[in-house]
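I opened this structure to get my bearings. My notes follow in the order in which I looked things up.

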Amino acid sequence: MKCPFCQHEDTQVLDTRVSEEGDAIRRRRRCAKCDKRFTTYERIELSMPIIVKKNGSRTEFSSNKLRGSLMLALRKRPVAAEAIDTAVATIEEKLLTSGRREVDTGYVGELVMHELKRLDKIAYIRFASVYKNFEDLAEFQEALAEVGHPRK
């Protein structure tokens with residue numbers, strides 16, 4: 001670790017503690033050359049996988065886009081904001097724990113459909129109709145049969 005004051009590369013760790021939030025290691029250091037002291041923090045760095053689109057282009061994962069897709073499907077549906085936040089967090093966790101550096105949009109779409117099916121059947125059908133590009137009534141009927149029998 002370089003000294004921020006004199007750029008000398010030899011620094012000594014005087015004290016190591018877990019931060020108050022518990023999400024970082026706090027280290028108190030002293031420069032061997034200028035004898036000044038400074039603090040560094042060590043944190044976990046997690047990176048979301050790159051999203052590979054259908055046309056082969058790549059883009060960074062966006063929580064805002066994910067939330068927007070869920071909100072669009074859930075528009076005017078009785079689903080609490082906390083439930084949507086939980087769904088976004090669940091999808092993000094699955095992407096992080098997949099261990100993959102790149103995922104295609106199909107994988108993300110399946111994760112979204114799984115969460116929507118759990119949250120709201122109508123929102124699931126809305127999303128599935130666009131995501132799976134339904135072209136006739138039979139495809140709608142298959143999706144409806146998948147989420148349950150209609151009331152009579």
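**Entry 1: Glu-9**

I began with Glu-9, which counts as exposed at 59% relative accessibility. My cut-offs: buried means under 20% relative accessible area, exposed over 50%, and partly exposed in between, with a 1.4 Å probe and protein chains only. Glu-9 sits in the segment before β1. I set aside its neighbours within four places in sequence and found Glu-9 in contact with Met-1 and Lys-2. Contact here means heavy atoms within 4.5 Å. I also checked Glu-9 against Gly-22: they are 13 residues apart in sequence and 28 Å apart in space, C-alpha to C-alpha.

**Entry 2: ground rules**

I noted that this is a predicted model, in which local features need pLDDT of at least 70, side-chain atom pairs count only at pLDDT 80 or more, and totals for chains, interfaces and linings use all residues. Residues are numbered from 1 along each chain as its sequence is written, and side-chain values use heavy atoms, with hydrogens and water left out.

**Entry 3: the whole chain**

How many helices and strands does the protein chain have? I found five helices and six strands. Both are DSSP runs, numbered from the N terminus: helices are H or I with at least four residues, strands are E with at least two. Along the sequence I read the pattern β-β-β-β-β-α-α-β-α-α-α. The radius of gyration is 24 Å, well over the 15 Å that the globule rule gives for 152 residues, so the chain is more spread out than a compact globule. That radius is taken over C-alpha atoms, and the rule is 2.2 Å times the number of residues to the power 0.38. Along its principal axes, the C-alpha trace spans about 80 × 35 × 20 Å.

Of the 152 residues, 27% count as buried. The chain exposes about 10,900 Å², and carbon and sulfur atoms supply 49% of that area. Accessible areas come from the Shrake-Rupley method with a 1.4 Å probe; for residues, only the protein chains shown count as cover.

Residues 24 or more positions apart account for 39% of them.

**Entry 4: one aromatic pair**

I searched the whole structure for aromatic pairs and got one. The rings of Phe-5 and Phe-38 have their centres 6.5 Å apart and their planes at 70 degrees, so the pair is edge-to-face. The test takes rings of Phe, Tyr and Trp (its six-membered ring) with centres within 6.5 Å; planes under 30 degrees apart count as stacked, over 60 as edge-to-face and the rest as tilted. The pair links distant parts of the chain, 33 residues apart: Phe-5 is in the segment before β1 (11-18), and Phe-38 is in strand β3 (residues 37-43).

Is Phe-38 buried or exposed? Phe-38 is buried, at 8% relative accessible area. Phe-5 counts as partly exposed, at 48%.

**Entry 5: positive phi**

Most residues other than glycine have a negative phi. I noted two with a positive value. Asp-35 has a phi near 65 degrees. Asp-35 is in the loop between β2 (24-31) and β3, and counts as partly exposed at 48% relative accessibility. Lys-76 has a positive phi of about 65 degrees, though it is not a glycine. Lys-76 is in the loop between α1 (63-73) and α2 (81-97). At 76% relative accessibility, Lys-76 counts as exposed.

Where does Glu-115 lie? I found Glu-115 in helix α3 (residues 105-119). It counts as buried, at 3% relative accessibility. Not counting residues up to four places away in sequence, Glu-115 touches Ala-87, Thr-90, Ile-91 and Lys-94.

Pro-49 is in the loop between β3 and β4 (50-52). Pro-49 is buried, with a relative accessible area of 2%. Beyond its neighbours within four places, Pro-49 contacts several residues, including Phe-61, Leu-95 and Val-103. The C-alpha atoms of Pro-49 and Ile-91 are separated by 12 Å, and the two are 42 residues apart along the chain.

**Entry 6: Ala-145**

Last, I looked up Ala-145 in helix α5 (residues 137-147). Ala-145 is exposed, with a relative accessible area of 51%. Ala-145 and Glu-102 are 33 Å apart, C-alpha to C-alpha, and 43 residues apart in sequence.
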